[in-house]
Amino acid sequence: MRNSINQKYFESFANELAGKFRRINHLTTNARVAIGSYHEEILKVAIKNFLSDRYTVKTGYIYYDDQNISNQVDILIIDENYSFSYLFKEGDFAIVKPEAVVCAIEVKSVLDKKNFEQSILNITMAKEIKQKSLTGGLAGLVFGYESPKTTNDWLEGCFMSNKLDSL
């Protein structure tokens with residue numbers, strides 16, 4: 001019989017993320033870029049704790065050629081088994097060959113309709129560049145710390161946006 005992990009175990013991670021998210025919001029509310037960067041860092045650390053050493057977590061761009069470069073992606077999960085994964089790497093910032101990227105994650109402090117659309121478009125571009133490499137798929141995720149109540153109707157309204165019609 002397979003043991004399942006108790007739901008409270010995962011809830012503890014969600015509570016930890018929420019606590020860290022709120023920690024600096026009480027100290028400063030006018031530094032949106034810095035707060036957004038901190039929110040990305042919180043999620044990066046949480047993801048790193050679940051990955052094997054085969055994978056690393058970066059921020060940056062996916063580069064296929066001079067005409068096919070993604071927008072900046074908040075979080076890229078890189079498969080380090082590819083021998084030539086990076087065109088550039090310094091700290092947590094990287095420009096990566098599409099073959100090595102397994103996941104692209106967009107992080108939003110507030111996930112409203114506009115941010116949802118921008119995130120989906122950014123992930124779509126990353127997926128299109130990955131497809132050019134003919135090396136498998138790319139998982140795409142949108143993570144929002146705060147959002148309106150995300151009902152099925154709200155999500156359907158986001159997906160039915162004119163900006164996403166061409167997808």
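The following legends describe close-up views of a predicted model.

**View 1. The second largest pocket and its lining.**
The second largest pocket has a volume of about 160 Å³. Its lining is formed by Phe10, Phe13, Ala14, Leu17, Leu43, Ala46, Ile47, Phe50 and Phe143. Sorted by class, these lining residues comprise nine nonpolar residues, with no polar and no charged ones. Helix 1 (7-23) and helix 2 each provide at least two residues of this lining. The greatest contribution comes from helix 1, which supplies four residues.

**View 2. A nonpolar patch on the surface.**
Ile5, Tyr9, Phe10 and Phe50 make up a nonpolar patch on the surface. Together, these residues have about 430 Å² of accessible area. Phe50 is placed in the loop between helix 2 (32-48) and strand 1 (55-65). Phe10 and Phe50 are also among the residues lining the second largest pocket.

**View 3. The salt bridge between Lys48 and Asp92.**
The structure contains two salt bridges. One of them joins the side chains of Lys48 and Asp92, with an N to O distance of 4.0 Å. Lys48 belongs to helix 2, while Asp92 is in the loop between strand 4 (86-90) and strand 5 (93-96), so the pair ties together parts that lie 44 residues apart in sequence. Lys48 counts as partly exposed because its relative accessibility is 36%. Asp92, at 30% relative accessibility, likewise counts as partly exposed. Side chains of opposite charge can pair when their charged atoms come close.

**View 4. The salt bridge between Arg54 and Asp79.**
The side chains of Arg54 and Asp79 meet in a salt bridge, at 2.7 Å from N to O. This pair links distant parts of the chain, 25 residues apart: Arg54 is in the loop between helix 2 and strand 1, and Asp79 is in strand 3 (residues 73-79). Arg54 has a relative accessibility of 36% and therefore counts as partly exposed. Asp79, by contrast, counts as buried because its relative accessibility is 4%, under the 20% limit for a buried residue.

**View 5. Ala126 in helix 3.**
Ala126 is placed in helix 3 (residues 113-132). With a relative accessibility of 0%, Ala126 counts as buried. The C-alpha atoms of Ala126 and Pro98 are separated by 8.5 Å, and the two residues are 28 residues apart along the chain.

Leu134 is located in the loop between helix 3 and strand 7. The phi angle of Leu134 is near 55 degrees, which is a positive value in a residue other than glycine. Leu134 is exposed because its relative accessible area is 78%, over the 50% limit for an exposed residue.

Thr150 lies in the loop that runs between strand 7 (139-146) and helix 4 (152-159). Thr150 counts as partly exposed, with a relative accessibility of 43%. Between the C-alpha atoms of Thr150 and Leu111 the separation is 9.5 Å, and these residues are 39 residues apart along the chain.

Methods
Residues numbered from 1 in each chain as written. Predicted model: local features only at pLDDT ≥ 70, side-chain atom pairs only at ≥ 80, totals over all residues. Heavy atoms only, no water. Patch = residues over 30% accessible without salt bridge, like charges linked within 9 Å, V, L, I, M, F, W, Y side chains within 5 Å. Areas by Shrake-Rupley, 256 points an atom, 1.4 Å probe, with all protein chains shown as cover. Buried < 20%, exposed > 50% of the residue type's maximum accessible area, 1.4 Å probe, protein only. 1 Å grid on protein atoms, 1.4 Å probe; cavity = no way out; pocket = protein on both sides within 12 Å on 5 of 7 lines; lining within 4 Å. Points joined across faces, edges and corners; volume = space filled by probe spheres on them. Nonpolar A, V, L, I, M, F, W, Y, C, P; charged D, E, K, R; others polar.
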